[in-house]
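Colleague: I have a new model open and would like to learn how to read it. Could you take me through it feature by feature?

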Amino acid sequence: MDITTTYMGLNLRSPLVASASPLSENIDNIKQMEDAGAGAVVMHSLFEEQLRLERYELHHHLTQGTESYPESLTYFPEPASFRVGPEEYLEHIRKIKESVSIPIFASLNGSSMGGWTSYAKQIQQAGADALELNIYYVPTDLDLTAQQIEQTYIDILKAVKTAVTIPVAVKLSPYFTNMGNMAKLLDEAGADAFVLFNRFYQPDINLKTLEVEPNVLLSTAQAMRLPLRWIAILYGRINASLAATSGIHKGEDVVKMLMAGANITMLCSVLLQHGIAHIRIIEQQLREWMKEHEYESVQLMQGSMSQKHCPNPSEFERAQYMRAIQSYKPEWRQIYEASHYFG
């Protein structure tokens, strides 16, 4: 039974990919992911704020006291002359590539041009097989237009694509006026893949300390519905590969995403909850479903239930919403109708 797939032109042994998480900070974990059957691994993200902080700290320490004596005024060159940055991240990529044979995707997380192009080059030189741009942008400027925000995404992608030759994926949020048009524009700008969707962790308020604090909630099965819909809509209409992420916890979830049109399915919360070895269980569930329903390969499933190939394409649009609302009955109403029917 053939469960191989292609993603951004890369051949993967499986559509099960470990997405960016703290698990990838440890090389032994990545070795376990390979042994468990992962087709590829996305590294934890390198944040734009890290790049800024390291530049600031270096500049602070190199210039501290240089105004004390005339002869020290030009002792150090300007910060721009230095090769600064999280060397640990780059070294981590090098060590991983020496330890495993599956593809390794680096991840850059930011919202502006920043040092993305510079570090994208260094990430490629370190040996990463591809790069995932995790553009996490929450606009709070009320004068910032949708067009300006969308252009930022396009500019970042074009700049990075100019800087590297490895494939570049864009991890998107669903919060665009026209998600389909945004995907089309990024596809035309050179995106090799879309990762749908980014899960923004929303802040919470601690009523004891009266402070705003982070609140991490792992995904549930319900989270997969939104990416499933948009993958089904985009399949066959863009050139980029499609990666499904959020809410994928079992083999049937993988099957649904593949049928919608995904090239790969990304696993995160399920591995944090059940351990890395759970990849084997999901793969076994996938194989059992394929055997039971006589699918010889993943390729035969991909896109078979997309909007392009679905018998009723409107099911992915407003008609499905209307039918869902009209057909739903609360539990109390079902009990009432049953008791009324039987007297």
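Colleague: Let me begin with helix α8. Which of its residues are buried?

Modeller: Keep in mind that this is a predicted model. The buried residues of α8 are Gly251, Asp253, Val254, Val255, Met257, Leu258, Met259 and Ala260. That is eight of the ten residues in the helix, which runs over residues 251–260, so I would call α8 mostly covered, taking buried as under 20% relative accessible area.

Colleague: What covers the buried residues of α8?

Modeller: The cover includes strands β3, β11 (241–244) and β12 (264–267), together with helices α7 (225–234), α10 and α11 (298–301).

Colleague: Now helix α4. Where around its axis do the buried residues sit?

Modeller: First pick them out: in α4 (residues 116–126) they are Trp116, Tyr119, Ala120, Gln122, Ile123 and Ala126. They cover an arc of only 165° around the axis, so they lie on the same side of α4. A glycine comes after this helix too: glycine 127 follows α4, and its phi is positive, near 115°.

Colleague: How far apart are the C-alpha atoms of alanine 106 and leucine 133?

Modeller: Those C-alpha atoms are separated by 8.7 Å, while the two residues are 27 apart along the chain. Leucine 133 is worth a look of its own. Its contacts, again without residues up to four places away, are Leu108, Trp116, Ile156, Leu157, Val160, Val168, Ala169, Val170 and Lys171.

Colleague: Which residues touch the most other members of the largest nonpolar core?

Modeller: Leu133, Leu186, Phe194 and Leu196 do, in a core of 82 residues. Helix α5 (residues 146–163) gives the most to this core, with seven residues. Apart from it lies another core of 14 residues, including Phe105, Val195, Ala243 and Ile264.

Colleague: Let's turn to charges. How many salt bridges does the structure hold?

Modeller: The general idea is that side chains of opposite charge can pair when their charged atoms come close. Here there are six salt bridges. One of them joins glutamate 283 and arginine 13, at 3.3 Å from N to O. This pair links distant parts of the chain, 270 residues apart: glutamate 283 is in helix α10 (residues 278–292), and arginine 13 is in the loop between β2 (10–12) and β3 (16–18).

Colleague: Is glutamate 283 buried or exposed?

Modeller: With a relative accessible area of 11%, glutamate 283 is buried, whereas arginine 13 is partly exposed at 35%. Glutamate 283 also forms a salt bridge with arginine 287, with the closest N and O atoms 3.1 Å apart. These two are four residues apart in α10, which means that about one helical turn separates them. Arginine 287 is partly exposed, at 24%. Together, Arg13, Glu283 and Arg287 form a network of salt bridges.

Colleague: Which residue forms a salt bridge with aspartate 129?

Modeller: That is lysine 97, and the closest N and O atoms are 2.7 Å apart.

How values were computed. Residues are numbered from 1 along each chain as its sequence is written. This is a predicted model: local features need pLDDT of at least 70, side-chain atom pairs count only at pLDDT 80 or more; totals for chains, interfaces and linings use all residues. Side-chain values use heavy atoms; hydrogens and water are left out. A nonpolar core is a set of buried Ala, Val, Leu, Ile, Met, Phe, Trp, Tyr and Cys residues joined through side-chain atoms within 4.5 Å. Buried means under 20% relative accessible area, exposed over 50%, partly exposed in between (1.4 Å probe, protein chains only). Contact means heavy atoms within 4.5 Å. The arc is that of the directions from the helix axis to the C-beta atoms. A salt bridge is a side-chain nitrogen of Lys or Arg within 4 Å of a carboxyl oxygen of Asp or Glu.
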